[in-house]
Amino acid sequence: MDTLLKDIRYALRGLLRHPGFAGIAVLTVALGIGANTAIFSVVNAVMLAPLPFPEQEQLLRLGQGGRGQDLVERGSFSFPDYKDLQAQTQTLAHVAAYLNSGAVVRAEGLEDERVFGAVVSSSFFDVLGVKPQFGRVFTAEEDKPNSGLVVISHRLWQRRFGGASDVIGKQLRMASTTVTVIGVMPASFEYPFGSDPKDYWEPLNDRPLPGSDQRDNRSYHVIARMKPGVTIEAARAELDTISIRLEQQYPNADSSIVMGAASLSQDLVRDTKPALLILLGAVSFVLLIACANVANLLLARAAARQKEIALRSALGASRWRIVRQLLIESVMLSIVGGGLGLMLAIWLSRLLVAFGPANIPRMNQVHLDLRVLGFTLVLSLITGIAFGLVPAWQASSPNVTGWLKDGARGSSGGPRKNLARSVLVISEVALSLMLLVGAGLLLKSFVRLQNTDPGFDASQVVTLDIPLSRQRYDTLEKQEHFFEQLVVKTKSLPGVQASGLVNNLPLSNQVDKLSFNVAGRDPYPLGSQPTAHYTVVTPGYFDVLKISLRRGRMFSETDTANTPPV
């Protein structure tokens with residue numbers, strides 16, 4: 001240990017005598033380690049960190065879709081099928097349905113605030129296995145229309161109630177509806193995951209969807225918790241059995257409709273995992289290039305220290321002793337660079353959270369925890385050894401006489417060291433070329449996407465997602481009247497050329513399907529009807545997006561529920 005401390009002090013003095021060399025090496029390493037730490041912090045939060053639910057391996061995402069369809073578990077359930085599954089399952093301990101929601105929170109003396117939440121069945125919290133920090137959650141008996149109950153997040157409790165301990169029983173004005181707070185969830189609780197954290201949860205049947213009793217109206221997200229000891233294969237087998245049973249009972253709605261299941265934790269990262277791993281690989285190349293750069297710097301510095309190293313060898317220093325001394329210097333450079341890289345990673349992580357894609361789950365939970373700190377430390381040690389080993393081995397050559405002769409002739413370090421430099425330079429060029437080719441292909445793909453005609457013009461278009469009060473607009477007639485007036489009044493605003501409504505925005509993840517038959521032809525057999533994506537729009541929708549007409553006519557204001565359907 002005493003020898004090790006002496007080596008560290010000697011290395012520190014040597015680096016301080018050459019601040020220019022040390023500064024360049026530290027900055028080079030800091031850039032590589034900082035980029036890797038920032039990307040790893042995202043990978044850690046999204047892919048590696050466990051979900052904030054107990055026994056997460058028992059959690060499933062369930063879905064419905066056509067037989068033979070990919071990713072059936074991504075589909076939505078009809079409410080009647082969800083209730084039948086809940087009643088018939090033997091492998092699932094709890095099954096819950098939910099819908100994403102939004103509202104405007106109002107309070108006297110506070111600014112109005114748009115918040116996002118979910119309407120959930122009473123078994124929702126049982127599935128996730130999380131209890132409220134204060135109060136309680138609603139029961140099955142309270143999951144009914146106009147229940148007026150809400151469970152809020154820890155964030156909303158802090159923002160709207162100042163963290164008051166007597167929050168339970170307080171009233172909260174959401175749009176024009178007054179609800180009673182019955183529970184506050186822990187700070188770590190969040191689900192469903194999304195770009196906007198969920199701040200409240202209301203009973204699902206507090207405002208049932210129109211047509212929710214229709215078995216072919218598939219709009220509900222479903223999650224479940226398996227019973228202890230049950231495997232996902234057993235759960236899938238039971239879902240197949242229930243699907244066949246429902247298909248026999250309801251051939252018109254459930255023909256060729258099957259249920260699928262996937263691990264909730266794996267399903268969350270299914271779409272983002274490949275991109276994150278590619279990004280992690282790219283920044284790893286950056287670090288390798290940095291290592292090669294610093295290794296070349298160390299080789300150059302070793303050439304200037306030939307007499308010193310040769311003298312130490314002549315005085316009896318073993319090759320291992322010299323290698324250890326030089327590796328300590330490189331590891332010290334790497335650790336200092338890792339410390340600077342960690343500070344750089346904090347800034348880069350904030351940028352990634354602020355400007356990263358909104359569809360990456362748990363992106364708002366990216367932070368530097370012990371796993372990220374441990375990764376940075378290990379990466380710093382490995383990096384120091386990686387870029388210091390070859391120069392240290394070359395410099396510690398026991399051929400003292402030959403080395404001194406090369407040095408006396410003004411050699412740059414002999415043929416072996418020149419070979420090492422050549423290999424490092426070739427490696428740098430190869431890695432840089434790979435990164436440049438990848439970046440070029442990425443830019444080419446981006447330009448092609450930018451030049452692709454999507455069939456509409458989104459420039460100068462503003463979209464609004466408008467939640468309606470459940471009490472004020474409690475019928476379809478009132479809702480229709482509101483949106484009719486909204487379109488009329490929006491058109492009259494200065495600068496507005498066109499206004500329209502749509503249920504799903506173009507290129508969004510929301511896709512609705514309908515099966516159909518062709519009039520005048522024999523109906524297709526049950527289970528083999530063709531399907532089509534459909535979108536509900538008002539006449540002004542095509543004008544807003546400048547969608548051209550190829551044949552026939554557009555919708556008009558005279559197309560109503562009382563005229564022939566078009």
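In which sense do strands E6 and E8 pair, and over how many bridges?

Guide: E6 and strand E8 (residues 177-184) pair in the parallel sense over four bridges. Before going on, note that this is a predicted model, in which local features need pLDDT of at least 70 and side-chain atom pairs count only at pLDDT 80 or more, while totals for chains, interfaces and linings use all residues. Residues are numbered from 1 along each chain as its sequence is written, and side-chain values use heavy atoms, with hydrogens and water left out.

Strands (E, at least two residues) and helices (H or I, at least four) are DSSP runs numbered from the N terminus. Two strands count as paired if DSSP finds at least two bridges between them.

E6 covers residues 149-152. Within the pairing with E8, Val151 has Gly183 as its bridge partner. E6 also pairs with strand E9 (residues 198-203), here antiparallel and through two bridges.

Buried means under 20% relative accessible area, exposed over 50%, and partly exposed in between, using a 1.4 Å probe and protein chains only.

Ser101 is found in strand E3 (residues 92-107), and its side chain makes a polar contact with the side chain of Tyr200 at 2.8 Å. A polar contact is a pair of N or O atoms within 3.5 Å; within protein, one must be able to donate a hydrogen and the other to accept it, and residues adjacent in sequence count only if both atoms are side-chain atoms. Ser101 counts as buried because its relative accessibility is 9%. Leaving aside residues up to four places away in sequence, Ser101 touches Phe116, Gly117, Ala118, Val119, Tyr200 and Arg207, where contact means heavy atoms within 4.5 Å.

E3 in turn pairs with E10 in the antiparallel sense over six bridges, and Ala97 has Val222 as its partner there.
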